[in-house]
Amino acid sequence: QVQLVESGGGLVQAGDSLRLSCAASGRTFSNYAMAWFRQAPGKEREFVAGISWGGSTTYYANSVKGRFAVSRDNAKNTVYLQMNSLKPDDTAVYYCAANIAGSRYSVPRIRGQYDYWGQGTQVTVSS
């Protein structure tokens with residue numbers, strides 16, 4: 001079992017920055033890929049960013065490329081999402097997720113490939 005707890009969400013203005021954190025417990029954190037997804041009202045949950053076991057591979061959705069950065073600190077069992085130049089379209093509940101079955105360098109981008117999920121943290125960007 002893996003427990004994931006997100007934090008860092010909030011209400012900001014367009015152009016501001018936020019950093020989300022996701023603390024993991026229950027298994028060896030360095031052995032699984034991590035990702036951030038988001039879900040806006042009335043929309044499907046979508047992939048935002050992901051990072052491989054050791055952090056050597058990252059992927060981003062086109063909508064956040066160049067503005068968001070995903071990173072992990074395996075010593076702290078934590079993954080981060082630095083979000084810069086936020087836009088109203090970034091408003092959503094953000095979830096972190098863990099994939100425990102992939103290879104060392106893989107970063108799955110499909111929701112169904114993730115085994116564990118956090119409870120989510122709300123990010124609201126006002127215009």
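A residue is called buried when its relative accessible area is under 20%, and exposed when that area is over 50%. By this criterion, both Cys22 and Cys96 are buried in the present structure, which is a predicted model.

These two cysteines form a disulfide, with their sulfur atoms 2.0 Å apart. The count for the structure comes to 1 disulfide. Cys22 lies in strand E3 and Cys96 in strand E9, so that the pair, 74 residues apart, links distant parts of the chain. Because the torsion about the S-S bond of Cys22 and Cys96 is about 45 degrees, the disulfide is right-handed.

The nonpolar interior may be considered next. In soluble globular proteins, nonpolar side chains tend to be buried together. Here the largest nonpolar core comprises 30 residues, and those with the most contacts inside this core are Leu4, Met34, Trp36, Leu81, Met83 and Tyr94. At least two residues of the core are supplied by each of strands E3 (18–25), E4 (33–39), E5 (46–51), E7 (68–73), E8 (78–83), E9 (92–99) and E11 (121–126). A second, separate core has 6 residues, including Phe47, Ala97, Val107 and Tyr114.

Leaving aside residues up to four places away in sequence, Met34 touches Leu4, Cys22, Phe29, Gly50, Ile51, Arg72, Val79, Ala97, Ala98 and Tyr114.

Leu11 is found in strand E2, which spans residues 10–13. Is Leu11 buried or exposed? Its relative accessibility is 66%, and Leu11 therefore counts as exposed. Between the C-alpha atoms of Leu11 and Arg27, 16 residues apart along the chain, the separation is 32 Å.

Methods: Residues are numbered from 1 along each chain as its sequence is written. This is a predicted model: local features need pLDDT of at least 70, side-chain atom pairs count only at pLDDT 80 or more; totals for chains, interfaces and linings use all residues. Side-chain values use heavy atoms; hydrogens and water are left out. A nonpolar core is a set of buried Ala, Val, Leu, Ile, Met, Phe, Trp, Tyr and Cys residues joined through side-chain atoms within 4.5 Å. Buried means under 20% relative accessible area, exposed over 50%, partly exposed in between (1.4 Å probe, protein chains only). Helices (H or I, at least four residues) and strands (E, at least two) are DSSP runs, numbered from the N terminus. Contact means heavy atoms within 4.5 Å. A disulfide is a pair of cysteine sulfur atoms within 2.5 Å.
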